[in-house]
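These are my notebook entries on one model. I set down what I looked up, entry by entry.

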Amino acid sequence: MSKFRTIWTTDDRYVEVIDQRLLPHELVIVKLTTYQQAVEAIKSMIVRGAPLIGATAAYGVYLAVREMIEKELNPDYLDTAFSELRASRPTAVNLFWALDKMQDALDNADNFLQTAWEMAGQIVEDDVETCRMIGVHGLPIIEALSKKKNGEVVNILTHCNAGMLGCIEWGTITSPIYQAAEKGIKVHVWVDETRPRNQGANLTCYELTKHGIDHTLIVDNTGGHLMQHGLVDMVIVGTDRTTRNGDVANKIGTYLKALAAKDNNVPFYVALPSTTLDTTIKDGLKEIPIEERNQEEVKYVVGKSASGKVEPVLICPDTTKAVNYGFDVTPARLVTKLITERGVCDASEEGILSLFPERQ
Ligand code: MRU
């Protein structure tokens, strides 16, 4: 695995991230020097993906502490930073988890700046290890499918981007895939383009290309057809929030893939870092807040035009209205297993608590 990361620091005055809105066409690094820039980076999806949103928010708190100390601002400044970061995106629970961790650390701190710096750094490092371990536990699943197929290619379908670009390194769904490929197992990934923002086409294809993983881009409606024809051995997706009962919120369209998988006896796995578990709620459909974004993201597709510019193109009459739900909820009954950093379990309260008893 390369040491390439999605968020890093080379100087304690700023944090660097990749502008994911421009990938795969342009690799532009953005420096975040204020918490407001961190808020904006999350809102505008310069950074996205549940674990990376959490890590960026944590560094956002660090930047706010820095500003507060340097400019001798009132402590209210930090409270405002926390509330603005909390309001940046609603669905991925990692955001709230990371902010709670930062708040707890600061509540017990003697040295605010050092504590914020260290805790943000720890959140980043922990995610790297968490994703690596998801790979360790997911690998035997791919290995077993490969054996069953006498070493033929294992076809894996994924939706959105739950790779390293959504995390720090490894990624959640890509970690087992990379570890399988490193072991010489033949894998091929069907990548859903994932409208409206095309995280599959833009980001998953980009990182699979970088890692030399054979993959094929498909439009979002193709998965069911592939499954009916025996061309998918497993589905694996990420998650933005998984409830105590094992209901899974992930990028809009995930639910339809789970339905098709069920109908075709294709196993449907969810790669779940425990930072994405929300054991305070049970019923995903009723209790997970689903982000609704700007309709322009549906009406326009962003891509590289013939002129070489990355730009939006209108795909419907100007006056047509659109609706843009960011996520949907896949009920636990459609999930074959959850793959976590502590092992594989059923998507149920019993399964989750067997691996995470401290969540009782
Ligand atoms: O809107 P996004 O791009 O932030 O949505 C991302 C996803 O839905 C990912 O599948 C999820 O965050 C898991 S990332 C490991």
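In which helix is T56 found? I located T56 in helix α2, residues 50-70; helices (H or I, at least four residues) and strands (E, at least two) are DSSP runs, numbered from the N terminus.

I noted that the model is predicted, that local features need pLDDT of at least 70 and side-chain atom pairs pLDDT 80 or more, and that totals for chains, interfaces and linings use all residues. Residues are numbered from 1 along each chain as its sequence is written, and side-chain values use heavy atoms, with hydrogens and water left out.

**Surroundings of T56**

I found T56 buried, at a relative accessible area of 1% (buried is under 20%, exposed over 50%, partly exposed in between, with a 1.4 Å probe and protein chains only). Beyond neighbours within four places in sequence, T56 contacts I7, L32, A38, I42 and V47 (contact means heavy atoms within 4.5 Å). A polar atom of the T56 side chain lies 2.7 Å from the backbone oxygen of L52.

**The sheet**

I then traced an open sheet of seven strands with mixed pairing, in the order β6-β5-β4-β7-β10-β15-β16 (two strands pair if DSSP finds at least two bridges between them). Its edge strands, β6 (215-218) and β16 (343-345), each pair on one side only.

I looked at β7 (residues 234-237) and β10 (residues 268-271), which pair in the parallel sense over three bridges. In this pair, V235 stands opposite F268 of β10.

Note on methods. A polar contact is a pair of N or O atoms within 3.5 Å; within protein, one must be able to donate a hydrogen and the other to accept it, and residues adjacent in sequence count only if both atoms are side-chain atoms.
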